[in-house]
Amino acid sequence: MLSKSDSLSAPAAPEKPKGNGSAAGWQSYVDLRLVALLGVLGVLAVVGAITKPDQFLDVDNVRLILVQSSAIGVVTIGMTLVIIGGGIDLSVGAIVALASVWATTQATQDYGLAGMLFCSVAVGVGCGLVNGVLIAFGNLVPFIATLAMLASARGFAEQMSDGGTQIVEVDAVLDLMAADSRILGIPPLVLIFLGVAALGWVVLNRTTFGRRTVAVGGNPEAARLAGIDIKRQRLLLYVVSGLCCGIAAFMLIALSGSGQNTNGNLYELDAIAAAIIGGTLLSGGRGTITGSVLGVLVFTTITNLFALNNVQSAVQDIAKGAIIVAAVLIQHQTSRKSSTQ
Amino acid sequence: MLFGAAGVSAAAFLTSCTSNDEGDDDGGSEQQQANVSEDKPGKPVTIGFAGPEADHGWLNAINDNARSRAEKYEDVTLDITEGSNDTATQIGQVDSLINKKVDVLVILPADGKAMTQAGLKAMQAGIPVVNLDRIFANPQAYRCWIGGDNYGMGLNAGRFIGEQLKGKENAKVVELAGLDNLELTQQRTKGFDDALKNYPNIEKVARQAAEFTVESGQRKMSDLLQAVPEFDAMWNHDDDQGVGVKRAIDQSGRDEFIMVGGAGSKAVMDSIKADDSVIKATVLYPPSMAASAIDLARALGQQKGVSGMAEFEIPASITLYSAVVSKDNIDQYLPTGFN
């Protein structure tokens, strides 16, 4: 009931981003969402503390959850921006696979850490660029363009690796995620995730790029009339998503000590699910980075909780599905109430 | 001993057998030696091969084994289709091989049950089918089935671990399975559990399922290590995901347990040989079965039996043994490890 009155008092302006400071009602609505997500995390923590007190509340376990959230988290940041901008990127998992394979070929490994990182990021950006050009200038529907990229990037990865696992032999890369690799007690992967998330937040909330993204996603026609170069904006969004995939691929390489064409399997679904749970509207124009980060954490924590309690994967999948449905239903409900147009 | 001798001098046997000349061999027990397949070129055979997409190491090794075995024979032409995980596509590929009138078909279905009709169709068209590993739902759909033994894999993994932990009280064992929605995963787990029942001192304390990928292996193993602070042995179903499993173990800094792998990748075999990690053994699911399938297909095409057996015809089904590769016999198996 409370949220209803809140929503009614809010102006129907989905193109207004959070942090614009224009509508207090809208702002508090977003905060409510985030608070609710934090509440979910809290409930999960309580369940973990009751069922497996020794293992769940362990510092190592918190680190584990954060590490496991890192690569998919970075992908989700890029996905969130794309969705806010009115698009969708189904190719993220395949790009991660291709980048991780390309960066771990023997030829690339000869160039050491820097070469592998560069290769990984370059492949990600390259794929994103292709997506962006096809969508912005080839006028392909994002769903189709990125679906095509999904198929061909994974196929390319498979061909390049011959279906095999490419083991990393560069110590500098392996040392990034060795047993005792920590900076101020935090694993480097988690720091990268936090860095990308912070950058994503700044870009979305404090830059023209972010405002344009929200505008293009919320109402492309209005954005065009306001003088925003929609094509350029769309192109850049897919490049950003590709960049995130490249970074995530490198993180996975460091984490698993290898590159494989099966890397990033179903990341597109995990990233979309996490973004949606975090409050990003699938039709674009609305979403937050904080929400997406919390969405990722919720999923990882659930998986961790199930594993600690020795619950089998079929049950895990059922629960994951149920959570997505519940989140979308709530989103549907609230967005219908808040939008009167 | 007798079989070994027969195998070595198979060529000699054959010459004598095909000329219906018997009795003067020193292996005199073969009163009616079957007309067996041998290395010397015979009637030319075209073998059609349809398999799934080689998207991981083991399946890749399957294709390599089939190809290199076929190249070994001058009389064999291998018509190999582009692998596909889509049943409809694979049915189409088998159809086109039937239309090309290949002499024999070797089919490794993406999904055995779903591909049954394709096998039946080939058999009805008079093309003998060698069903490789993933079995058709209907025995009429194949002339010969050859494949691995998932239950036996679990059984042998369990036995090896059981023997290693003999005499240790309250021993704890952990299992990391592969894709849980596959029947083969369930069979492996059943075999493992059945073997462990013979060792009352052992309790399986946790089981999680990864997805045959390095990434999932690393993730699920990290979870398992966190869930079970101390255990004595673990079985990982699959060496492909094992790369990630080993990485997770290294990252945890733990080494209080022994680990047994599954399938037989080169990376794991190298670790067993080096003996510098928790990996002490792996249970085979040998990709060399594809090479054997080519042998069987060739024999079928030339209407011969297989050497080393008294039968006139090749058997209807051959289940391979999941040998345990440990430090004791690693040198023998090292060349068969796949990437």
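In this predicted model, the side chains of A:Arg63 and A:Asp60 join in a salt bridge, with 2.9 Å from N to O. A salt bridge here is a side-chain nitrogen of Lys or Arg within 4 Å of a carboxyl oxygen of Asp or Glu. Both residues belong to helix 4 (residues 59-84) of chain A, and they sit three residues apart, about one turn of the helix. Helices (H or I, at least four residues) and strands (E, at least two) are DSSP runs, numbered from the N terminus.

How buried or exposed are the two partners? A:Arg63 counts as buried because its relative accessibility is 19%, and A:Asp60 counts as partly exposed at 39%. Buried means under 20% relative accessible area, exposed over 50%, and partly exposed in between (1.4 Å probe, protein chains only).

A word on conventions. Residues are numbered from 1 along each chain as its sequence is written, and chains are lettered from A and ligands numbered from 1 in the order in which they are written. Local features need pLDDT of at least 70 and side-chain atom pairs count only at pLDDT 80 or more, while totals for chains, interfaces and linings use all residues; side-chain values use heavy atoms, leaving out hydrogens and water.

Over all chains, the count of salt bridges is 22. In general, side chains of opposite charge can pair when their charged atoms come close. B:Glu163 pairs with B:Lys166 at 3.5 Å, N to O; B:Glu163 is partly exposed at 42%, and B:Lys166 is exposed at 55%. B:Asp194 has a salt bridge with B:Lys197, their closest N and O atoms lying 3.1 Å apart. In that pair, B:Asp194 is buried at 17% relative accessibility, whereas B:Lys197 is exposed at 63%. Salt bridges with shared partners also link B:Glu175, B:Asp180, B:Asp193, B:Lys204 and B:Arg207 into one network.

Which charged residue is buried yet has no salt bridge? That is B:Asp223, whose nearest side chain of opposite charge, B:Lys220, is 4.9 Å away. B:Asp223 lies in helix 8 (residues 214-227) of chain B. Leaving aside residues up to four places away in sequence, B:Asp223 touches A:Leu64, A:Gln68, A:Asn304, A:Ala307 and A:Leu308; a contact means heavy atoms within 4.5 Å.

Chain A has 16 helices and two strands, and chain B has 12 helices and 12 strands. Among contacts between residues at least 6 apart in sequence, 77% in chain A join residues at least 24 apart; the corresponding value in chain B is 72%.

| Chain | Buried residues | Accessible surface | Carbon and sulfur share |
|---|---|---|---|
| Chain A | 54% of 341 residues | about 14,100 Å² | 68% of the surface |
| Chain B | 56% of 339 residues | about 14,500 Å² | 49% of the surface |

Finally, the backbone. Most residues other than glycine have a negative phi. B:Phe212, though, has a positive phi near 70 degrees. B:Phe212 sits in the loop between strand 7 (202-209) and helix 8 of chain B, and is buried at 15% relative accessibility. B:Gln303 also has a positive phi, about 50 degrees. Its loop runs between helix 11 (289-301) and strand 11 (317-319) of chain B, and B:Gln303 is exposed at 64%.

Methods:
Accessible areas come from the Shrake-Rupley method with a 1.4 Å probe; for residues, only the protein chains shown count as cover. Lys and Arg count as positive and Asp and Glu as negative; His and the chain ends are not counted.
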